[in-house]
Amino acid sequence: MKESRIEISHARCDFCGTCVAVCPADAITLEESAISVDPETCTVCLNCVHICPLGVPEVVK
Ligand code: SF4
Ligand code: SF4
């Protein structure tokens, strides 16, 4: 098990897709009004955390 994972809050996300474009692991799935991160595929590189204009993705221990 990894020590941390990424959580994306639907309530604050505007589904712009910016984080999807910078995910090297292709771990983020974006649909019209839903977004999810596959914890198995995610390497917790933090690209999405740093690039999101709304500061939505969060590292959860
Ligand atoms: S970059 Fe931020 S606002 Fe845009 S889809 Fe990703 S989490 Fe949502
Ligand atoms: S932390 Fe890195 S690998 Fe994980 S979802 Fe974000 S961009 Fe993708």
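How many nonpolar, polar and charged residues make up the shell around ligand 2? I counted by class and found ten nonpolar, two polar and no charged residues. For the classes I took Ala, Val, Leu, Ile, Met, Phe, Trp, Tyr, Cys and Pro as nonpolar, Asp, Glu, Lys and Arg as charged, and the others, Gly among them, as polar.

Ground rules. I am working on a predicted model, where local features need pLDDT of at least 70, side-chain atom pairs count only at pLDDT 80 or more, and totals for chains, interfaces and linings use all residues.

Entry: ligand 2. The list reads Ile 6, Cys 23, Ala 25, Ile 28, Val 37, Cys 42, Thr 43, Val 44, Cys 45, Leu 46, Asn 47 and Cys 48.

Entry: Cys 42. I picked this residue from the ligand 2 shell. I placed Cys 42 in the loop between strand 3 (34-37) and helix 2 (47-51). Helices (H or I, at least four residues) and strands (E, at least two) are DSSP runs, numbered from the N terminus. Cys 42 is buried, at 11% relative accessible area. I call a residue buried under 20% relative accessible area, exposed over 50%, and partly exposed in between (1.4 Å probe, protein chains only). Setting aside residues up to four places away in sequence, I see Cys 42 touch Lys 2, Ile 6, Ala 27 and Val 37. Contact here means heavy atoms within 4.5 Å. I also checked Cys 16, which is 26 residues from Cys 42 along the chain; their C-alpha atoms are separated by 19 Å.

Entry: Ser 4. I found Ser 4 in the segment before strand 1. Its relative accessibility is 16%, so I log Ser 4 as buried. Beyond its neighbours within four places in sequence, Ser 4 contacts Val 44, Val 59, Val 60 and Lys 61.

Entry: salt bridges. Side chains of opposite charge can pair when their charged atoms come close. My rule asks for a side-chain nitrogen of Lys or Arg within 4 Å of a carboxyl oxygen of Asp or Glu. I get two salt bridges by this rule. Glu 7 pairs with Arg 5 at 2.8 Å, N to O. Glu 7 is partly exposed at 38%, and Arg 5 is partly exposed at 37%. Glu 58 pairs with Arg 12 at 3.4 Å, N to O. Glu 58 sits in strand 4 (residues 58-60) and Arg 12 in the loop between strand 1 (5-7) and helix 1 (18-22), so this pair ties together parts 46 residues apart in sequence. I have Glu 58 as partly exposed at 41% and Arg 12 as partly exposed at 37%.

Entry: the whole chain. Which order do the elements follow along the sequence? I read β-α-β-β-α-β, with two helices and four strands in the protein chain. Of the 61 residues, 28% count as buried. I find that residues 24 or more positions apart account for 60% of the contacts with a separation of 6 or more. The C-alpha trace spans about 30 × 20 × 20 Å along its principal axes.

Note on methods. Residues numbered from 1 in each chain as written. Chains lettered and ligands numbered in written order. Heavy atoms only, no water. Near = heavy atom within 4 Å.
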